[in-house]
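Student: Could you walk me through how to read this model, feature by feature? I would like the general idea and then the case at hand.

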Amino acid sequence: MRMSKLFVQTLREYPSDAEVISHKLLVRAGYIRKLANGIYNYLPLMQRVLKKVEDIVREEMDNAGAQELLMPFVQPAELWQESGRWDVYGKELMRLKDRHSREMCLGPTHEEVITSIAREGIHSYKQLPVNLYQIQSKFRDEIRPRFGLLRGREFIMKDAYSFDADEEGLDKSYNIMAEAYKRIFERCGLETKMVQSDSGAIGGSVSHEFMVLVNENAENNAGENDVFYCTKCGYSANSNHAVSVLNPVETDGHFDSAKIVDTPDTHSIEELSKFLNIPQSVICKCLIYVVDGKYIAALIRGDRTIEETKLMNAFQGNDIRIARNDEIEEIMTNSGYTAVAGFIGPKGLKNVELIADETVKDLKNFVIGINQNDKHLIGANWGVDVELPQKITDIRLVEENDRCIDCGASLKVTKGIEVGNIFKLGTKYSKAMNAAFTDKDGQEKPFIMGCYGIGITRTAAAAVERHHDEYGIKWPLAIAPFTVIVVPVSDQDEIQMKVAEDIYNKLLNANVEVLIDDRAERAGVKLKDADLIGIPYRITVGKTIKDNLIEFKNRSNGETETITPDEAVRRIIEIIK
RNA sequence: CGGGAUGUAGCGCAGCUUGGUAGCGCACCGUGUUCGGGUCGCGGGGGUCGCAAGUUCAAAUCUUGUCAUCCCGACCA
């Protein structure tokens, strides 16, 4: 490809609306252009990268025994009503109506459609297992799209779905996918960590995410997930799912007796602990949440934080948020109190479900709100002064240096970009949608399903996050839009141009994806652009051509060598083998 | 949806306080110059100042409304 013909416009400056480096670089280097909020045009260079990623995914999926198909982007509401998700998926699902007022949606994921395909096509255990996948645009009307391709509303995803006759088969399918995923990301030049995670809105039990770990200290960190991991035994989990063993702390307030004391203006645990001169860990914190419209009072030890996904799951909810002040007021009024946030306690709350984190169980002579402003109860004990909620479970956020549940070592935390995700769905969709096969024993059974996603666009963006420098992108070879760029330093110099063209043609003939910068630009412009665009190898034809020498540069490690044009061609051909 | 900010040429920005001919850099077109890290000069094209109403002789500038975008929280590949 000739630079003079390539449709690409590099910018002198970063776009003002970009925050993270992959977004900045992809726009500036002419890979993408925003069309609307969270919706991007993939320009020719980007399309080449995406194709590379897709082809790696295809190869590994095919090798893993999966078959590619393509499902419609527009889906009828009926299917979603069958699965029950039409009502629970929320605003993220882009809904629309056709000319007959029939309700449709733009597919954010395809469990419903694939399940309908399976129920029409698979009738016998003899046809199982089956794994079907597609690579397609998805639409999710995200509350807040951001970070360029890392969180778009429309994005490209590979989604695969497995159908098995039993749990054992699912385990097998699941492991095959996990292995394929490891290879896919490795081939894309991305080191990933497979971590345990919450299964979220898609449903199911077991799930893992593939995280690209990003340096926490980096400016404008694009990692949206906290990953807790154990350096000793390898345990790792998304913060929404991580569990831990706590380090011992003081849980006895050592108050002689229970009494109500004045604690003016102590709206936070920190203020309260300072005022009473006690550790935060002898305070019982009470927070009001709204889960699917129901009020929940959640108790947790003062020094710990609630993990909202865990709390939501404890009530099998789909939606959670902290209660607004007017909602707290409503609860207080209904319960005959007037307290504001900061002084709330579980005692006497009406129309509020109670839940406690395990951390509050062992508290003795502790401090707790009693729904009176500027007052707290000190020296409280469960069963004497306050009843311990019946529902007790783990709803806390793990913290760094908590101990590993498996081996007891100290846990660390890092940020991660989730590029892939695998779920054991079980029979959630097959049961709801009546998708079944006849098993060996002649009985009709629902399919045991799994689903497996890879964000194609996100993977490409994550690669930029991981591989760049101050000059631009440093694409991993396997997903680079071109392997090599040939740069004649001066378009005025006939010999340079001739040698450059010669190298270009030899590489073309050897099926190398090669760019030649034949533009009438100065050297500086061409070299800056080559770095910005991030082509892995650069062959610069300059003055030294009089000695039959060119410069051969490796973009990723910056190493340059002075070698002959023929040697350069040979090297490149060797590299792509 | 809550909190904060911003909308002026394709991109990056100034002008707005104190109303009066819409500017700069990059990019683009012409021309000369230069030629291994975004040369330099001359000439040129391109903007209903997000949109709508209002105030005024006069609005990019003041007022109100509205839309959009970005950042922080809930979502997820």
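Student: How many residues surround RNA strand B, and which are the closest?

Tutor: A residue is near a molecule or strand if one of its heavy atoms lies within 4 Å of it. In this predicted model, 52 residues surround RNA strand B, and the closest are Arg 12, Glu 92, Arg 151, Arg 522 and Asp 531.

Student: Before we go on, what conventions apply?

Tutor: Residues are numbered from 1 along each chain as its sequence is written, and chains are lettered from A and ligands numbered from 1 in the order in which they are written. This is a predicted model in which local features need pLDDT of at least 70, side-chain atom pairs count only at pLDDT 80 or more, and totals for chains, interfaces and linings use all residues, while side-chain values use heavy atoms, with hydrogens and water left out.

Student: Which side chains have an N or O atom 3.2 Å, 2.5 Å or 2.4 Å from a base atom of RNA strand B?

Tutor: Look for polar contacts, that is, pairs of N or O atoms within 3.5 Å; within protein, one must be able to donate a hydrogen and the other to accept it, and residues adjacent in sequence count only if both atoms are side-chain atoms. The side chain of Arg 458 has an N or O atom 3.2 Å from a base oxygen of RNA strand B. For Arg 522, the distance to a base oxygen is 2.5 Å. The side chain of Asp 531 places an N or O atom 2.4 Å from a base nitrogen. The elements giving two or more residues to the surface near RNA strand B are β1 (32-36), β8 (154-164), β21 (411-426), α13 (523-533), β29 (537-541) and β30 (550-554).

Student: How are those elements defined, and which gives the largest share of that surface?

Tutor: Helices (H or I, at least four residues) and strands (E, at least two) are DSSP runs, numbered from the N terminus. The largest share, 8 residues, comes from α13. Across chain A there are 14 helices and 31 strands.

Student: What is the class make-up of the surface near RNA strand B?

Tutor: Ala, Val, Leu, Ile, Met, Phe, Trp, Tyr, Cys and Pro count as nonpolar, Asp, Glu, Lys and Arg as charged, and the others, Gly among them, as polar. On that scheme, the surface near RNA strand B has 16 nonpolar, 12 polar and 24 charged residues.

Student: Let us turn to burial. Is helix α11 largely enclosed or open?

Tutor: Buried means under 20% relative accessible area, exposed over 50%, and partly exposed in between (1.4 Å probe, protein chains only). Of the 577 residues of chain A, 53% count as buried. Helix α11 (residues 456-466) is largely enclosed by the rest of the structure, because 10 of its 11 residues are buried.

Student: Which residues have the most contacts inside the largest nonpolar core?

Tutor: In soluble globular proteins, nonpolar side chains tend to be buried together. A nonpolar core is a set of buried Ala, Val, Leu, Ile, Met, Phe, Trp, Tyr and Cys residues joined through side-chain atoms within 4.5 Å. The largest one here has 67 residues, and Leu 26, Tyr 31, Met 46, Tyr 181 and Trp 475 have the most contacts inside it. At least three residues come from each of domain 1 (47-223 + 416-465) and domain 3 (482-576), with bounds from an automatic or database domain assignment.

Student: What does Trp 475 touch?

Tutor: Contact means heavy atoms within 4.5 Å. Not counting residues up to four places away in sequence, Trp 475 touches residues including Leu 26, Tyr 31, Ala 460 and Ile 533.

Student: Where is Ala 29, and is it buried or exposed?

Tutor: Ala 29 is in the loop between α1 (21-28) and β1. At 0% relative accessibility, Ala 29 counts as buried.

Student: And which residues have backbone angles worth a look?

Tutor: Asp 292 has a positive phi of about 50° although it is not a glycine; it is found in the loop between β14 (283-291) and β15 (294-301) and is partly exposed, with a relative accessible area of 39%. Asn 434, also not a glycine, has a positive phi near 55° and counts as exposed at 61% relative accessibility. A cis peptide bond, with omega about -5°, joins Leu 128 and Pro 129.
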